[in-house]
Structure formats: C-alpha cells, structure tokens
Amino acid sequence: MTRDPRPDLSPRPGDETRKTTCYMCACRCGIDVHLKAGEVAYIEGNRDHPVNRGVLCAKGSAGIMQHTSPARLKGPLIRTGPRGTGEMREATWDEALGIVTERLGRLRHEAPEKLAFFTGRDQSQSFTGFWAQAFGTPNYAAHGGFCSVNMAAAGIYTMGGAFWEFGSPDWERTELFMLFGVAEDHDSNPIKMGLARLKERGARIIAVNPIRTGYNAIADDWVGVTPGTDGLLILSLVHCLMRAGRIDLDYLARWTNAPMLLDADAKSDNHGLILRDEAGRPLVMDRATGKAMPFDAPGVRPDLNGRLRRAGWTHRTVFHAMAERYLDPGYAPEAIGPRIGLPPARIHAIAAELAHAAFDKAFEVAQDWTDFRGERHETVTARPVSFHAMRGISAHSNGFQTARALHMLQILLGAVERPGGFRFKPPYPKPPEAHPRPHASAQPDRPLDGPHLGFPQGPADLLVDEAGRPLRIDKAFSWENPLSVHGLMHMVISNAHAGDPYPIDTLFLYMANMAWNSSMNTSGVMEMLADTDEDGAYRIPFVVVSDSYSSEMVAYADVVLPDTTYLERHDCISLLDRPISEPDAAADAIRWPVVTPKRPGHEGVRGFQSVLIDLGARLKLPGFVDDAGKPLYADYADYIQTHERRPGIGPLAGFRLGEDGLTDGRGAPNEAQLDSYIRAGGFRVFEVPEGARYMKPWNRAYQDWAVSMGFYDTPQPYLFQLYVEPLRRFQLAAEGRGPHRAPEHLRARMALTHDPLPIWYAPLEDGHADPVGYPLHALTQRPAAMYHSWGGQNAWLRQIHGDNPLFLPIPVWEDGGFAPGDWARVSSIHGEIAVPVAPMAALNPETVWTWNAIGKRRGAWALDPRAPEAVKGFLLNHLIHELLPPKGDGLRWANSDPITGQAAWFDLRVKVERVRRPAMSYPAPPAQRSPVGRAPKLLRRQTRAAASASAAADADADAEKDETP
Amino acid sequence: MTALPERTDRKLGLVIDLDTCVGCHACVIACKGWNTENYGAPLADADPYGASPEGAFLNRVHSYEVRPAGGDAAQIFHFPKSCLHCEDAPCVTVCPTGASYKRGEDGIVLVNEDACIGCGLCAWACPYGAREMDPAEKVMKKCTLCVDRIYNEHLPQEDRVPACVRTCPAGARHFGDLGDPDSAVSRLVVERGGIDLMPEQGTRPVNKYLPPRPRDEIDVLAPFLDPVDEAPGGFLGWLDRTLERMG
C-alpha cells in the first residue's frame, strides 16, 4: 500500500476578512467576507452577529454568485427602442443624471406630485423617504403594501409592534409555539435557529398552513387550514378560552384597554367611542372606589366588569363587548370546524394546549420593576406560549382583522412581553400615537409638509381633498384604504395609466420588478407601461429605474441608473428604519464596500443612495444643499455619519460624540463613525438594562432607557388596544355619524370591515368568483433558497429551484386524470395560464400552489432564452388582477384589504384542467433584448489567487513526478 | 484495486438530524462555496445560465413525501446526502488507480485528483450516489468532510468543522468522532436512535442519521376545556366572582 497523499490541510480562507451585512434577503445577517487579493473567496456567517450568530442560509453563501453574475448592469442605459423591448444604449452618468435632473427639476417647479417615487426591497427607507419629502411629492412608499402591511399595521395598532422586526418568540423559554402562514421566509435564519432551539428543548410546535413544506414539515403537528380561514380558527380558539375562563384577567385589566368604557347606546353619536375625561384621558371604573378614573391614575384597579351611566348614556367595558361577541355559539368549534376543514375536536384540543402552556406551565421570573402607574413588582409572570405569523394570514383581503385576532389571542393568554411569550425588540414597542400621521400636501418648489407615511387615528387624518378624492397616486390613506400605512405600490402603475386620481409624469422605481413578479396582473402592467395615447406618447411619460441586474423592469425604463451589489456600497441598517434588534438589545449595522465597484467592466455602477444624494444636490433640495446651494453630503457614507434627523439622533446610534468621548444613542455626529463600525464587526449592540427587559410598554425603566437612546423624547407608556378606536371612528363615518362622512358607495363595506374588535369576513374575491366554477385556492410560497433573491441570475441557486410546477392535491390530480409530465390550464376570473403540474399529498385538499417568482421573461437576467425559468417557469400573477371585477355600479375596487390596502395575493381562486403540453408556459411575452450580453457556458468559480496556487502546486507535483526514477 | 486501511484511529463523520432539517439548502451552498475555492479542482458548473445547468455538488438535499398508512396526514422529510465515509467503502476498493482512498488517521474518504482518471467506477460502486464527476475537469468529486477546515491552522478552533455544519441554521448537522463512544456525536446517536443508511449494503457508513420524531400524535380523546358557567349570563357572574377573589 502506498503512503496516503498529503493534501494541503491549512489553506488560508483569505488574506483578509471583512465583516458586513448580507442583503440576499431581508434578514440582514452579519457576514464574514473572505478576500484573496481583493476578490471574494468565501462568505460565511458572522458568529458575533445578533441576527444569525454565525449561521448563514443558502442565499447568503451564494452571495458571491450574485456579485459575479453576468446579469449585472455595467453602466447607465438610455432606451432606444420601444418600451419593453430592452433596446438600450450605454450612456455616461453625466448624460443620464442630466436628463433625470432636468425632468425632475421641471416637475418640482410645476407640480411635484407628478413624480411617483417607489422603492421595492429598500432597506434605506428612512433615507429615500427623506429625499422624497424634500422633493415635495406625496407619491412615495416602499413595497410593504404588496408584502405584509396587514401584519405590520395590525401589530402596531393592537400592541405597538408586530412579528419579525418588531418582536420575537422567547425561544429559550416558550413551551408551545404556534406558527401561522409562514413558508420558509420572514425571517429566515432566526426562525430556523429558533425552531432548532425548541426541538433541542423539547418544546412543542404547531404549524398552521395549507402547505406542509419547510418549517411546517418539521412541526410536531400540522393544521392544514383552508386559505383565508385562519381568522375563524383563531376566533374559535378565543371562544374556547374565554368560555372556559382560561384567560389572564389581571393582565387584561392592567395592561390592555379591556376595562375602558364604551358608549353602549346605539342612538348616541359617540356610540362605540371610549369615554374620556375633560383632559382627554380614557376612563376606567376603579374596583377599589367604584368610581370612574383615568386609566393611568396611580393605584387605580381597572374593572373589567365596569358599567357607568353618564350624561344619559350607558357605558360598558370593552371586555363586555368581547364577551358578548366571542362567547357566541357561532364561534364554537362545532360551528367553525366544518367551515375551515378541521374536525371540531382539533380546535378544542389546540385551545386546551394553549391554556395548559400559558397557565399550568406559568412560573415567576425575578425582576424588580415599577409600572407606569407607580406600582412596584418583584417578579414577572412567565407565560410560555408564543406565536409567529406572516404572509399566509396577511396577504388576504381579511388579513388585517385576522392578524388582529391573532394578537388578541396572544393578549388574552397574557403572553406578550413576558418570559416565554412574545417579546418586543427595541425601538419597539411603540404605539400608533407615537408614530407620525401621514402627509400629502404638495406645493411647487417646496418640501412636503411632513412624512409621507403614518398611522391615522380617524377620518380627520385621511389624505383626501375636500371632495373626498385621494391625494396620492396609489390612493393610500383614502376612504378606500384608510390605514394603508405602507402605501399601495401595486396600484401605482394602473392608477398612473388611468390618470386616476390624476396623471403623473415620471415613475421612478428602485429595486422593484414591477414589470414582472412584483405586480398583480403582470401582462396588463406590461401593456400599461408601454401604452401610448392618441398622439403616440407614452401614457406614463417617463420611467426611471435603478437596479443592479438586467431585470424585466429594466426593459421598460427610459433611463436606467445601475446600482452596485451589496458588497460594494455603504448602507446603514438603522434604528430609524427597519431594525435588526433582539428582545434584550437594540442593534444597528452597516454595509461598506468590502470590494471595490471599480472592477473591470463595472466601473460604471454607483450605489443608488449616493446617486440620490447627487440628484438631491443637483436639484438643490432642502436638506441636501446648504444656504449657498453647495452639497451637504459627498455621498451616502457622508450622510450616514453626519445627517441628524433630530438633534443628536442620526442614522446610526453607535459611536456618536458625547461630552466625554464616544457614546451610544444620543450624541453629536462623528465623522469616524463608519470606521468604528467596521472595527466593531459591522454592527453595534445596545443592551437593554436588566430591569427593563420585560413588560416594556409599562415598565418605567424601559421607557426611561428608550428616551435615553432617542427612540422617543418622553416616556410613552400605553395600553394594548384590543379595541381599536380609530376603526370605530371610520365605522361611525360609514354610519353617517360624526363630523366626517364616508362616501356613500363605500359605507356598507366600511361598516362591515372596520370593526373595532377582531372579526372574520370572507376574502373579497369569494364575492366574485363562483366557488363551484373556481373551486381551488391558489397560493405561492417563497423557497428558502430563493426568497427575496429570486436568483435566476445566480448559477448555484438556480440549480436548486430552476423550475416551479403547480402542485395539485391528490384528489384534484386523480380526478383531473393527470399523469407525470402533464400540463394544466389554470383559470381565474381574470385570466388563464398554462403550466406544468405535479402531485402533492401534504397539502390542503382545496389548495394548489407553486414557488414564487421562479419564472422569468425570456431575455432577462442574462439567462439563455431556453432556460427552464423562461420556458417552463410561470407566475400566478397573471391570474390576479389589481382590481376586483366590475359590479355594475361603474366603480372598480382594489384587490386589496379594504382597511390597509394590502395586496390580496392569496384570495385567488382557480380551476385546473389538463391540457396538451404546449411549447412553453403561457402567457409567453416576447423576449427582451439583453443589455448585458450572454452568459458564459462554463463556470469554474475560484479566485485568481486560488487558481494560480493550484497551478503552482500542479507544476510542483509534475516536477516531483519527473524526478521519480 | 485499492485497499482500505485495516482500522482507522478515529472515525470522523456527520450526524444529520432528519427531525430538524427544514430543507433550506444552506449546507449545499456553503459546501459549494468552500470547496470550489479549496480542495482540488473548482466545482464546475456546465451551462450555468442555460437550459440544463449541471454543476458538481458534494452535498445535496432531497425531499420526500410520505403518506402514512391509515389515512393520516401526509408528511414531508428533507434528506441531506453526501459521502458517508463508509468503513467498508466500495468506492475505494473498486478504484483502479488508488486515487480513491480512506485515510488511516481519521477514516475520511478522499480522492487524489492527480491520480484520478475519471473512469467513474467509484460512482457506480457507491450505493448512495454520493460522488459526482466534475463536468470540466473530469475528475471525481466528493465530500472531503472539509479535511482542509477541520485541521486548518488558519481557522479559529471553533471554525474547524465542515462548512455545512458551521452554516446549518437549523442545527441539524453535527460533526465528530463516531469511533469514540463518549463523543458528543456518539452520545447523540445513542440518545436519538441514530441509524445507518441502507445497512443491508454492508458498507458500514460512519455518518449517521437521526430519525424524525413522531408527528401528528393527536390525542382525539383529549379533554375539552370546561366552561366556567353554562347558565345564561353566567360568564359575567364568573367574571365578577373571579375579580373579587383576585382582590
């Protein structure tokens, strides 16, 4: 036997490691980027980072292929052919920015609202919003309206924070975890790490999802609920728990608005509003004195069973109203089970499990704390039951109320902000009142009168003119969608095309593929973008797009501003924006150019945020130039370090200048701040003090720490809103009462949907699509290895998810006579597609589904036109219209949640029929021209340093062989 | 033909937990990233942006749907698969050049690419399909158990584990000496009833799989929650009594 070869066991992973923040999805994990001679050699998770603690998902590790993708844009482009063809020529930055500056300058001077600036998976919204506000257009938002605004809005209005970025299950102490409507996404690594920890600890996991993949596949128990009915399941659980008295009365009385007094007289103009004293403070009945007192009076013991007759009107508590509603036998499992496809006994069993975990497994955790009423406590009660939910419940037209119902369930169990339950991540919790109200008053040459997005408290805060017409192009904050706190990006193109409520001039998009997977009615949107008026002019006159890749949207741009990748630019993951905190610590982070964008062929790309700084200076926007008109910021890095939103508060909270050196939270700008972040590993953690970690909304120590950090300027204690009074104000307007009157045609729907207590109503498409004609629900899910990357341009990831059959439940497969390799025509009330199908048993029997956004347009993303993404891949988007069908009243209704405007992707109903296999999936838009050329035929991914080292080793080996006799 | 060592000092390998694997493919790509840059020829991808991309991967995740008898809900399991570093590795004994070998010191099965003629016999002999021919170099590629990480003096001690283990977000992958009954991985195998993959093949794999815990054990006879009071209006009466008791 010969001696074993001796391979090199200690290759250097790189000659340098640079720590930055991933951007392959929205998790924002810390990454260690290993470099060899300036080239990326390997990317792995940063062990010190609070989000991922060293682990990294497939997308994160594949970032290297995103960076080196042949689909990357190389320089600015200007359209030469018709829109949509992709015929472009290269341009210099001066030419491209000159054209854009001239156009936008004119708009700002004449009518700033004619610019619609919408950003997609933007992680710099506090900056892009600031720019849009300085420009003066009311038409700005990011992608939340077509993503998960129902979740965010329901959480903020109910309890001052939602799931994911706002809070987290207590993975270390929860005994029972229930997951609603989450595929393999949001947030990706933390949920996987959390599930693993639960498994290690022997805690139990119940997954509610029509599809049993990913996280749902490893759950102990799977509840394959019918899409759109989660709210009924939750309200039935609420019924069981209330009926059995297995709810946390003390918690409800102290920390929620359950004891607040409602005007209970249907004849009163204030019917359903909360009784307040002259100073506007909500009143409760005090059990000790039997008198009405302000909710926050020292020593008050709010009575859940209080009643009060005042000024001739009867008042009773929110809790009374809840008991009246949810104890109704209509919510009993026996009534609900058959409607949602579950045996009643399973609902009873889950209710019993929840109660057992919350109350029988409760324990006390020592923590000395004082509440906002001044009462001191020595412990916090642990309620080891927690929940997480995401798009499965939010992407329905009843999603806001369903998410509200879930929060109500958490609160009834007393399992929010307590050990073992759901815990907020600073700067949350923060009630809606502590957020801005929305603004839309545009005037030539002036900044907007305030931030675009906010949280309305009632009809007075709507963005409508005197006739009730929307002020924004997406009709956000109008009577149609009053609480559209993230805007309605999915309505922008169709409204702009229709000139409803008014025409615009320029559509400016960043990181949003609206000509493909980010739009409903994709084929229709592509037509709208290319549509012309009788004079041959485009109906949407000018389109500017910033993207890093040759996407479908790029083909519809008049000017393309090529962005860098996330490895080449500065960014901040700011506490002013979407934070990356954990329950015991706030945190923020940066990106920085760990590789230089000046690599051959890509000298021409620039980070989008720096381009916006440049545009701001060219347009002489307030906040971007000084009094003499000179630029305030050299680039985005300069902005990150020196911009102050309020005195002492900037984009990054760490390493600010205090009186005695560096400080965190409030402090003066520090021009070496980014260097400090780089030395610290790219992020900064701000620990919540020991006594401030639980009961945050009511805990004086937390409130004081939050003020010291600059989250707000005074303590903001508040009560959870089981009853959301702003919704009642809209209902009153719909009833024709009070100072504001809802438009006649919206009244019935508003009265039904804007219920101040959580309700369930059927998804709106059910009112249009005949359940017999369209018997199946159709969903998409995000695959773990693709979510938010949609990586057709990523050679490694596309080998995992290169095509996407429509999965059919076994009865549908068998009844339809399908066989492997078959295709189907899938029809909705809006359209039809022809797609490949596959059978699946671990699926709700009334549901079909596919992976999201695998399909690509031919010619896009530098893929071969014969790539499976282009010939077999498909989008369900073609079947989903942004408007519901006409009802004969001359009006069209957005296919959105009527409260928040959340795109109702998952309301879709379809029928499925076997068809002969076509040449490619249908519809098949014509190929677009690739502005980046063709991709290579063979990849051997290695740094030049590694390749030359192995060549040298081979030469040595050959030399050794030659010497061998 | 190539001989196996009579015994190995250690039996380094992986323990893969099928109960927690969510099928996210993190391990697949971390492996691809490390190994295309390091040991041997880069892991090539043919037609990477085309109609039939075919790259060399050392680790893949397969998903299987199981339909239990008796009509219980169907289940999905994710099954990561790479070389199992068998004690009786047929891929080694079949190798005509000695390129495939099993290391005496730790039991890792490797391919010496300089000696590999790309005949493919080893891939044919492996019952697990754990070897892949590199589409560019035409040498056989396989899991090295990151032999260039686990002893790597340039890595901090905590990182001296295979790339797949370091990255796994679900904690489903464990690395250690399965020849040492006191090692953490050996204890895990005992505790969780770890199994050999296809033991009937007689390959004596070093890697072990931890079976999924039972799912859907729903107790249909579980007691319902008792109502506080069935009488009309009884709930508010109970509420008052309870609040009184709470003081």
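Reader: Starting with chain B, what share of its contacts with a separation of 6 or more comes from residues 24 or more positions apart?
Author: This is a predicted model, and in its chain B residues 24 or more positions apart account for 61% of the contacts with a separation of 6 or more.

Reader: And what is chain B built from, in terms of helices and strands?
Author: Chain B has seven helices and 11 strands. Its radius of gyration is 25 Å, well over the 18 Å that the globule rule gives for 247 residues, so chain B is more spread out than a compact globule.

Reader: What box do its C-alpha atoms fill, then?
Author: Taken along the principal axes, the C-alpha atoms of chain B fill a box of roughly 85 × 50 × 45 Å. As for burial, 47% of the 247 residues in chain B are buried.

Reader: Okay, switching to chain A: how many helices and strands does that one have?
Author: The secondary structure of chain A comes to 25 helices and 35 strands. The radius of gyration of chain A is 28 Å, which is close to the 30 Å that the globule rule gives for 965 residues, so chain A is as compact as a globular protein of that length. Along the principal axes, the C-alpha atoms of chain A fill a box of roughly 100 × 75 × 70 Å.

Reader: What percentage of chain A counts as buried?
Author: Of the 965 residues of chain A, 62% count as buried. If you look at contacts in chain A between residues at least 6 apart in sequence, 69% of them join residues at least 24 apart.

Reader: How many residues are in contact where the two chains touch?
Author: On the chain B side there are 76 residues, and they are in contact with 89 residues of chain A. Several elements of chain B give two or more residues to that side, among them helix H1 (26-37), strand E5 (75-81) and helix H7 (234-246).

Reader: Which element gives the largest share of that side of chain B?
Author: That is H1(B), which contributes nine residues to the side of chain B that touches chain A. Sorted by class, this side of chain B has 41 nonpolar, 18 polar and 17 charged residues.

Reader: Which strand of chain A is joined to E2(B), and how many bridges are there?
Author: Strand E35 (residues 938-939) of chain A is joined to E2(B) by two bridges, and the two strands run antiparallel. Within this pairing, Leu939(A) stands opposite Asp45(B) in E2(B).

Reader: Now the sheets inside chain A. What is the strand order in the open sheet of three strands?
Author: The order is E24-E25-E28 (chain A), and the pairing is antiparallel. Its edge strands are strand E24 (571-573) and strand E28 (683-687) of chain A, each of which pairs on one side only. Neighbouring strands of this sheet are turned by 10° against each other on average, with direction ignored.

Reader: How many bridges join E25 to E28(A) there?
Author: Strand E25 (residues 585-591) of chain A is joined to E28(A) by five bridges, and the bridge partner of Ala589(A) in E28(A) is Phe683(A).

Reader: What about the open sheet with four strands: is its pairing parallel or antiparallel?
Author: The pairing is parallel, and the strands follow the order E11-E10-E9-E19 (chain A). Here the edge strands, each pairing on one side only, are strand E11 (221-223) and strand E19 (385-389) of chain A. From one strand to the next, the twist averages 15°.

Reader: How many bridges hold E10 and E11(A) as a pair?
Author: Strand E10 (residues 204-208) of chain A pairs with E11(A) over three bridges, in the parallel sense. Ile206(A) stands opposite Asp221(A) in E11(A).

Reader: Further along chain A, which strand is joined to strand E29 by two bridges?
Author: That is strand E34 (residues 909-915) of chain A, which runs antiparallel to strand E29 (residues 776-781) of chain A. Leu776(A) has Val910(A) as its bridge partner in E34(A). E34(A) also pairs with strand E31 (residues 823-827) of chain A in the antiparallel sense, over five bridges, and there the partner of Ser827(A) is Lys911(A).

Reader: One last thing: what does UniProt list for residues 15-71 of chain A?
Author: The unreviewed UniProt entry lists those residues as "domain: 4Fe-4S Mo/W bis-MGD-type". In the model, the end C-alpha atoms of residues 15-71 of chain A lie 28 Å apart, and the span is 16% helix and 35% strand.

Note on methods:
Residues numbered from 1 in each chain as written. Chains lettered and ligands numbered in written order. Predicted model: local features only at pLDDT ≥ 70, side-chain atom pairs only at ≥ 80, totals over all residues. Rg over C-alpha atoms; globule rule 2.2 N^0.38 Å. Buried ≥ 20, exposed ≤ 12 C-beta atoms within 10 Å, placed from the backbone. Contact = placed C-beta atoms within 7 Å. Nonpolar A, V, L, I, M, F, W, Y, C, P; charged D, E, K, R; others polar. Pairing = 2+ DSSP bridges. UniProt positions renumbered as here; feature names shortened; annotations may be inferred. Axes fitted to C-alpha atoms, helices over the stretch in contact; angles between N-to-C directions.
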